[in-house]
Number of protein chains: 2
Amino acid sequence: MESRFKEIAALIGDPTRATIMWVLLDGKAFTATELAIAADTSPQNISMHLNKLVQAELLCVESQGRHKYYKFSSKDIAYAIEGLANIIPPVTTKKNPDSPVTYCRTCYDHLAGKVGVMITDSLIQQKIIVDFEVSKKGEKWFAEQGLDINELKQQRRSFLRSCLDWSERRPHIAGSLATALLDKMLEEDWVRRTKNSRAIVITSKGQKNLYHHFKLTV
Amino acid sequence: MESRFKEIAALIGDPTRATIMWVLLDGKAFTATELAIAADTSPQNISMHLNKLVQAELLCVESQGRHKYYKFSSKDIAYAIEGLANIIPPVTTKKNPDSPVTYCRTCYDHLAGKVGVMITDSLIQQKIIVDFEVSKKGEKWFAEQGLDINELKQQRRSFLRSCLDWSERRPHIAGSLATALLDKMLEEDWVRRTKNSRAIVITSKGQKNLYHHFKLTV
DNA sequence: TACACAGTTAAGTGAGGAATGAAGTGTTTG
DNA sequence: CAAACACTTCATTCCTCACTTAACTGTGTA
């Protein structure tokens with residue numbers, strides 16, 4: 001038990017591997033080369049490190065042609081890394097205004113950052129979500145957005161839970177519902193993912209809709 | 001941001017320091033010598049490591065005479081370490097029955113393990129806690145136990161929240177209320193802390209009272 | 001006062017493991 | 001088919017940083 005803990009700690013402890021985990025917090029799968037660039041090291045080296053992480057079952061791989069996509073092997077891993085990131089003190093001063101990454105970003109597979117928290121606040125304020133459960137009114141609302149609550153509930157993963165944001169230090173929605181909401185927003189082109197970053201950019205279409213649905217000025 | 005993450009990861013990554021963090025998960029403060037014994041290393045070495053952890057503000061120290069007591073410098077640190085421990089797969093098979101540490105233990109400052117989860121279940125089943133909030137009935141119940149709800153609510157820290165147990169993989173109560181409950185149980189000698197371990201032992205007095213209050217046979 | 005104990009500081013050593021260079025496999029594309 | 005690309009494997013190098021030995025400060029106790 002303790003030895004496994006030490007093993008995990010040692011794996012995450014290396015600077016290159018720490019960077020890998022940091023980048024993967026996005027929730028997306030990354031190729032070996034992308035990770036090599038992000039960690040500023042050689043392909044051979046990243047290959048060695050990725051192999052160790054896969055061996056230890058912290059990451060898993062999927063081969064697609066000549067590419068290999070790496071991602072966290074379980075939610076627990078992502079949450080553990082998120083927990084480590086949580087230690088970092090919030091340094092949002094006037095001199096250091098919100099970067100896109102703290103402003104609007106993904107947390108593994110759902111929306112986080114200031115925007116994630118604001119959307120969550122709005123859902124609660126509109127009584128769409130009450131006590132972190134979808135209300136009667138909420139069910140109707142999500143149906144209007146084209147999200148099938150019952151289908152999402154049937155997934156093995158958690159349907160709706162609270163997740164603490166490491167930059168905002170405030171809870172935002174997570175779980176299959178939050179993922180579905182983010183997917184919908186990506187699909188409708190309200191927001192777009194950025195390459196090599198957890199940051200999310202909001203399109204002008206997104207701005208209008210975020211205001212319309214959440215009274216959110218961005 | 002990323003560099004601070006790497007720094008933290010590197011600090012926890014060393015086997016000796018990982019052991020320190022693991023031992024400190026108990027929530028108690030430990031002396032340098034105790035930690036040296038736990039990590040199976042020399043006093044000089046533990047001193048060097050502890051110094052690094054304090055410098056990085058992961059731990060804090062308190063001098064008492066010729067002793068120095070070390071503990072996590074914030075809750076966030078404890079939760080991060082707890083998150084890492086969460087990755088470890090549960091290995092409770094028939095051959096490997098519940099050890100005291102998974103059975104009844106402290107999670108930083110509140111009761112966890114099988115007993116922590118069972119108490120939480122009982123509180124929910126008795127409708128003392130509803131939706132992780134203290135009900136009207138609950139307020140009366142806690143008052144009977146000699147716990148002042150309003151005073152606890154006024155503390156700066158979280159009053160009542162859900163905490164995922166790494167051995168049981170189920171939620172149990174945390175926050176100032178949970179801490180107060182554990183303190184009360186220690187005070188009334190229902191349970192006792194053990195030296196150098198997160199395990200908690202249940203006294204015979206405790207067994208009677210746990211059955212009486214929570215219908216819990218231990 | 002002396003001695004045991006808790007912890008620290010400083011200099012020197014050594015090993016583990018990350019990074020590099022060179023050569024390989026398998027995949028896609030012109 | 002050849003060439004570029006994505007990634008791996010292996011042997012070698014190199015360097016950091018944990019640990020040791022030794023000497024020291026400060027606190028409690030016989």
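What does the accessible surface of chain A come to, and what share of that surface belongs to carbon and sulfur atoms? I looked this up to begin my notebook: the surface comes to about 10800 Å², and 50% of it belongs to carbon and sulfur atoms. Accessible areas here come from the Shrake-Rupley method with a 1.4 Å probe, and for residues only the protein chains shown count as cover.

**Ground rules**

I note that this is a predicted model, in which local features need pLDDT of at least 70 and side-chain atom pairs count only at pLDDT 80 or more, while totals for chains, interfaces and linings use all residues. Residues are numbered from 1 along each chain as its sequence is written, chains are lettered from A and ligands numbered from 1 in the order in which they are written, and side-chain values use heavy atoms, with hydrogens and water left out.

**Chain A as a whole**

I looked up the elements of chain A and found 11 helices and 11 strands. Both kinds are DSSP runs numbered from the N terminus: helices are H or I with at least four residues, strands are E with at least two.

Next I asked about burial. Of the 218 residues in chain A, 48% are buried. Buried means under 20% relative accessible area, exposed means over 50%, and partly exposed lies in between (1.4 Å probe, protein chains only).

I also looked at contacts, meaning heavy atoms within 4.5 Å. Taking the contacts in chain A between residues at least 6 apart in sequence, 57% join residues at least 24 apart.

**Where the two chains meet**

The size of an interface is often given as the accessible area lost when the parts come together. Here chain B and chain A bury about 2900 Å² between them, with 78% of it on carbon and sulfur atoms. Buried area is the accessible area (1.4 Å probe) that two parts lose on being put together, summed over both. On the chain B side, Met1(B), Phe5(B) and Ile87(B) lose the most area to chain A, together 26% of what that side buries.

I then searched the interface for salt bridges and the rule finds zero. A salt bridge is a side-chain nitrogen of Lys or Arg within 4 Å of a carboxyl oxygen of Asp or Glu.

**Salt bridges elsewhere**

Over all chains, the rule gives six salt bridges. In chain A, Arg4(A) forms one with Glu7(A), and their closest N and O atoms are 3.3 Å apart. Both sit in helix H1 (residues 2-13), three residues apart, about one turn of the helix. Glu7(A) is partly exposed at 37% relative accessible area.

I looked at chain B too, where Glu7(B) and Arg4(B) meet in a salt bridge at 3.4 Å, N to O. Which of these two is buried and which is partly exposed? Glu7(B) counts as partly exposed at 35% relative accessibility, and Arg4(B) counts as buried at 19%.

Further along chain B, Glu188(B) and Lys184(B) meet at 4.0 Å, N to O. In chain A, a network of salt bridges links Lys184(A), Glu187(A) and Glu188(A).

**Three single residues**

Thr19(A) lies in helix H2 (residues 15-24) of chain A and is buried at 3% relative accessible area. A polar atom of the Thr19(A) side chain lies 2.9 Å from the backbone oxygen of Pro15(A). Leaving out residues up to four places away in sequence, I see Thr19(A) touching Ala38(A), Ala39(A), Glu2(B) and Lys6(B).

Glu34(A) is in helix H3 (residues 32-39) of chain A, and its side chain reaches the backbone nitrogen of Thr31(A) at 2.8 Å.

My last entry is Val117(B), in helix H7 (residues 113-125) of chain B and buried at 2% relative accessible area. Its C-alpha atom is separated by 7.8 Å from that of Ile173(B), 56 residues apart along the chain.

Technical notes: A polar contact is a pair of N or O atoms within 3.5 Å; within protein, one must be able to donate a hydrogen and the other to accept it, and residues adjacent in sequence count only if both atoms are side-chain atoms.
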